[in-house]
Every structure is written in structure tokens, then in C-alpha cells.
Amino acid sequence: MPDIKHFDPDATLETVLRLFWRQGVATTGIQDVVTVTGLNRSSLYATFGGKQELYLAALRRYVEQRSEPMFRRLAQDERGLPAISEFFGGLIEARCSGEYARWGCMVSNAHAGAENSDPEVRTVLDQHHRGLREAMHAALVTADREGQLAPGADPAASADVLALLAYGVNLRSRAGADAATLGSTVTAALALIGVRAAA
């Protein structure tokens, strides 16, 4: 007879995701995973594999369930510049208040950690960056069409700058930067790339 799992793998993966997101990979041992999930090692290994496989599954889940929906909303938003401002406002709020305050972004944390040496992790990070950059570009193309960009502003180059800015917000918030400071930085960066405030 097949082995019947007496736990919910999906809920377990979400719990593990939060653990890796909050603590990072380097400081999280398999015993931490056992403790937070209440499962024994054999159940974890049989379902997910070792720590690295478990981390990869959690990272992919984070991108699919948290990052990609935000990217789709931004790319499909027809307001242009206000959509970008709202994206950054929501990002700063999420990083500085609420349940996940000061956790940063799991993807940004991976960019800054030793785990980015793993080729499979880098593939996920590259996928995330493409999605973020393409969403910014789509919103900037809309802004350009609506006459919201300053003369000479290049949507492609500006999308690169804004994608990097999003990573910076994530990392600085984890280090303790406050929402007002991050908001001022976003405003200054938008001005530097020649984007004037939309009415």
C-alpha cells in the first residue's frame, strides 16, 4: 500500500518558506526546520529532499505566489507612472510594517547570500529579475504613451534602474531603514532618471 502522508506538504512548505525568509539559509539548520514544522527528518527528506532542495522549493514558491502576481498587476496596469508609484509604496509598506516587517525580500536576500552560488538558485533569481524588469518596462511604456515621462527618458534604461531600486528597498528595509527614508529615496531616484510626477 502507498505511504500516506499525515501532514499537508503545501502548508509545511509555506511554514518552511517563512523560516528561510526570516532567518536566511546560512543560519537555518535542518533541526530548525524540524522544530518549526513538527515533522521528523525522515518525513521531510522523503517529501522534499535535503535542505537545499527544500530551500529551492520554498524560493520557487515565493516567486510564484508573492512576486509574480505583483509583477502581473504592474505590467497590466494602464495608469503608467501612478502604477509604478503605487508599486513602490506597497513594497515599502510591506517591508516596513505588518507581519513580514524587516524580513526583506526572500529573493533579494538570496542575491546577497552565499546561496546564490548554486546554479539552480541563480536560475530562480534570474527569472525573478526578468519578471520585475519586464513589469517596470511595461508600465514605463504606458507612461511614455500617456506623456508622463520627461523628454528623453528611455523606458528600457529606466526599467533597469527601477528594478535595481526595488532590490535596494528590500535590502535597506531589512537593515532597518524606515519607510519615510525609503520613500524619499524612491522619489529622488525617479527624479534622477527624468520621470516627472504624474498628476
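Helices here are DSSP runs of H or I with at least four residues, strands are runs of E with at least two, and both are numbered from the N terminus. The model on screen is predicted: local features need pLDDT of at least 70, side-chain atom pairs count only at pLDDT 80 or more, and totals for chains, interfaces and linings use all residues. Residues are numbered from 1 along each chain as its sequence is written, and side-chain values use heavy atoms, with hydrogens and water left out.

**Whole chain**

Start with the protein chain in cartoon view. The chain has nine helices and zero strands, so its elements, read from the N terminus, run α-α-α-α-α-α-α-α-α. Along the principal axes, its C-alpha atoms fill a box of roughly 65 × 35 × 30 Å.

Two packed helices are described by the angle between their axes and the distance between the axes. Axes are lines fitted to C-alpha atoms, for helices over the stretch in contact, and angles run from 0 to 180 degrees between N-to-C directions. Angles under 35 degrees count as roughly parallel, over 145 as roughly antiparallel, 65 to 115 as roughly perpendicular and the rest as oblique.

Select H5 (residues 81–96) and H8 (residues 155–174), whose axes lie 9 Å apart at an angle of about 20 degrees. That makes H5 roughly parallel to H8.

Now show side chains. Contact, meaning heavy atoms within 4.5 Å, involves Ile84, Phe87, Phe88, Leu91, Ile92, Arg95 and Cys96 of H5 and Leu162, Leu165, Ala166, Val169, Asn170 and Ser173 of H8. By class, this contact of H5 with H8 has ten nonpolar, two polar and one charged residues. For these classes, Ala, Val, Leu, Ile, Met, Phe, Trp, Tyr, Cys and Pro count as nonpolar, Asp, Glu, Lys and Arg as charged, and the others, Gly among them, as polar.

H5 and H7 pack at an angle of about 145 degrees, with axes 8 Å apart. Leu81, Ile84, Phe87 and Phe88 of H5 meet Leu132, Met136, Ala139, Leu140 and Ala143 of H7. The contact of H5 with H7 holds nine nonpolar, no polar and no charged residues.

Then turn to H7 and H8, whose axes come within 8 Å and cross at roughly 130 degrees. That makes H7 oblique to H8. H7 passes H8 in a right-handed crossing. Residues of H7 that meet H8 include His128, Arg133 and Asp144, and those on the H8 side include Pro155, Asp160 and Tyr167. By class, the contact of H7 with H8 has eleven nonpolar, four polar and three charged residues.

**The largest pocket**

On a 1 Å grid over the protein atoms alone, a cavity is a set of points where a 1.4 Å probe fits but cannot get out; a pocket is an open set with protein on both sides within 12 Å along at least five of seven lines, and lining residues have an atom within 4 Å of a point. Grid points are joined across faces, edges and corners, and a volume is the space filled by probe spheres set on the points.

Select Met70, Arg73, Phe87, Gly90 and Leu91, which lie nearest the centre of the largest pocket among its 25 lining residues. The volume of this pocket is about 460 Å³. H4 (51–76), H5, H7 (119–145) and H8 each supply at least two residues of its lining. The lining divides into 14 nonpolar, five polar and six charged residues.

**The cavity**

Last, select Phe20, Trp21, Gly24, Val25, Tyr55, Met106, Asn109, Ala110 and Glu115, which line the largest cavity. H6 gives the most to this lining, with three residues. About 40 Å³ of space lies in the largest cavity.

Notes
Left-handed = near helix turned anticlockwise from the far one by under 90°.
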